[in-house]
Amino acid sequence: MTRILISEVGPRDGLQSIDRVMPLAAKKAWIAAEAAAGVREIEVGSFVPPSLLPQMADTAELVAFARTIAGLNVVALVPNAKGAARAAEAGAHGISIPFSMSETHSIKNVRKDHRAMLAEIAAVAEIAQGAGMHFAVGMSTAFGCTMEGAVPEDRVVRLAEAAVAAGAAELSLSDTAGYADPAQVRRLVRGVRAAVGAERMTTLHLHNTRGLGLANVVAGLEEGITTFDASLGGLGGCPFAPGASGNLVTEDLVLMLNAMGLDTGVDLDKLLAVRAILAEALPGEPLYGFTPDAGPMLDYSERLHA
Ligand code: ZN
C-alpha cells in the first residue's frame, strides 16, 4: 500500500491568518490530539518576529512540546536565516522557507527580490546543515499570483533548480492564490521533477479556494507526489478572498486518501474529534470541510451489507 504523508500546517498557516491568538494550552492540545489520530508531521509555527505575528510568539515552546511526542516530525516555517537559527535552537526536526515565484509578491511580502531570496536560502541551508535539520523550500505562488497573474512555468522550473543549487534538500509547490488546476499540477510537477530529480520534488501545498483542491491532489498522486499539506478545518480561510475557503481541509483529504486505499496512518474518526478543540479555543471562527458536515462514509464491509 502506498504510504502518503499528510503534513498538518494548521497551527502555522491557519493560525497566522487569523487575528486572534490561540492560547498555548489549546495549541498543545491540538497538536497532541492530531498526532494521536495518526498524523505524523505537524508544522507547529513560524519563527517570525513576534512583533509582526504575535500569533506565532510561542513557536519555540511548541517545538519543544511537540518534540516530546514519539514518532512526530516537528517542522516550522522560517522567513530568513535569523528564524532558522531560532528553529535550530528550539530543536525543530525540519524547517521550510517560503520562496515566492512572483517577484512582485516576494518584494511586497519580504522586501527581497529573487536574487536576495536565493542568498537567504543559501544562508538558511548552511544553518540547517549545521544543526542537522531537514530543509525544504516552499515555492509559493507557483501556480499563479494575485498580483502578477500567471506565473510562467519555465520560471518555476528555473527557480527550483536555483533553490536546489542554493542548498534546498526538498521542494514543495504551493498554490498560494488557489489558482491551480489538475493539468497544471501535472505539468509543473513533471517539469520540476525532470529538472531537480523526483526525490527532491515530493510535496504539494494546495488550497481549495475554488473547489479544485482534491482534484489537484489526485493529479499530484498520479505524478508520484507523496506528501500533501493540509489544515484542520481549513482554518484561516483564504487570505485573498474573505469568506472563501483556503487551505485544503485535512479531514476531507484523509477521507479521500483512506477511501482510495492509500496508507495515511490517520484515523478519520479521531481526526474529526480534534475539531472540537479548535471550536472551543476560537469560538465563531469558520471551520470548513465536507466530511465534517456529512460524516464519514460507511465502512466498505458495512456498505456491502447495506
Ligand atoms: Zn496555505
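**View 1. Strands β1 and β2 lie side by side in a predicted model.** Strand β1 (residues 5-8) is paired in the parallel sense with β2 over 2 bridges, where two strands count as paired if DSSP finds at least two bridges between them. Strands here are DSSP runs of E with at least two residues, helices are runs of H or I with at least four residues, and both are numbered from the N terminus. Within this pair, S7 stands opposite E41 in β2. The model is predicted, so local features need pLDDT of at least 70 and side-chain atom pairs count only at pLDDT 80 or more, whereas totals for chains, interfaces and linings use all residues. Residues are numbered from 1 along each chain as its sequence is written, and side-chain values use heavy atoms, with hydrogens and water left out.

View 2. On to strand β3 (residues 73-77), β2 runs parallel and is connected by 5 bridges, and among the bridge partners are G45 with A76 and S46 with L77. β3 is mostly covered as well, with 4 of its 5 residues buried. Together β2, helix α3 (residues 59-66) and β3 form a right-handed β-α-β unit, a crossover being right-handed if, with the strands pointing away from the viewer, the path from the first strand over the helix to the second runs clockwise. Further along, β3 pairs in the parallel sense with strand β4 (residues 94-100) over 3 bridges, and A76 stands opposite I95 in β4. The chain crosses from β3 to β4 through helix α4 (residues 81-90), and this β-α-β crossover is right-handed.

**View 3. The strands close into a barrel, seen here around β6 and β7.** 8 strands close into a barrel in the order β1-β2-β3-β4-β5-β6-β7-β8, with parallel pairing. From one strand to the next, the twist averages 25°, where axes are lines fitted to C-alpha atoms, for helices over the stretch in contact, and angles run from 0 to 180 degrees between N-to-C directions. Strand β6 (residues 170-174) and strand β7 (residues 201-205) run parallel and are joined by 4 bridges, and L171 stands opposite M201 in β7. Helix α8 (residues 182-196) packs on the sheet and touches β6 and β7, its direction making about 150° with that of β7; contact means heavy atoms within 4.5 Å.

**View 4. A zinc ion is held by four residues.** The ion is coordinated by D13 (OD), H205 (NE2), H207 (NE2) and N247 (OD1), at 2.1 to 2.2 Å. Donors are N, O and S atoms within 2.8 Å of the metal (3.2 Å for Na, K and Ca), and water is not among the atoms, so sites may look incomplete. The 4 donor atoms subtend angles of 85 to 167° around the zinc ion, which makes the arrangement irregular. Four donors count as tetrahedral if all angles lie between 85 and 135 degrees; four count as square planar and six as octahedral if opposite donors are over 155 degrees apart and all others between 65 and 115; anything else is irregular. Both H205 and H207 are buried, and in sequence the donor residues are spaced D-x191-H-x1-H-x39-N.

**View 5. Two loop residues have a positive phi.** Most residues other than glycine have a negative phi. R111, in the loop between α5 (103-110) and α6 (114-131), has a positive phi near 55°, and at 74% relative accessibility R111 counts as exposed. T141, in the loop between β5 (134-140) and α7 (153-165), has a positive phi of about 50°, but T141 is buried, with a relative accessible area of 1%.

**View 6. Helix α9 packs against its surroundings.** The buried residues of helix α9 (residues 213-222) are G213, N216, V217, A219, G220 and L221, and these pack against α8, β7, β8 (227-230) and α10 (250-259). V218, also found in helix α9, is partly exposed, with a relative accessible area of 25%. After α9 comes G224, whose phi is positive, near 95°.

Terms used. Buried < 20%, exposed > 50% of the residue type's maximum accessible area, 1.4 Å probe, protein only.
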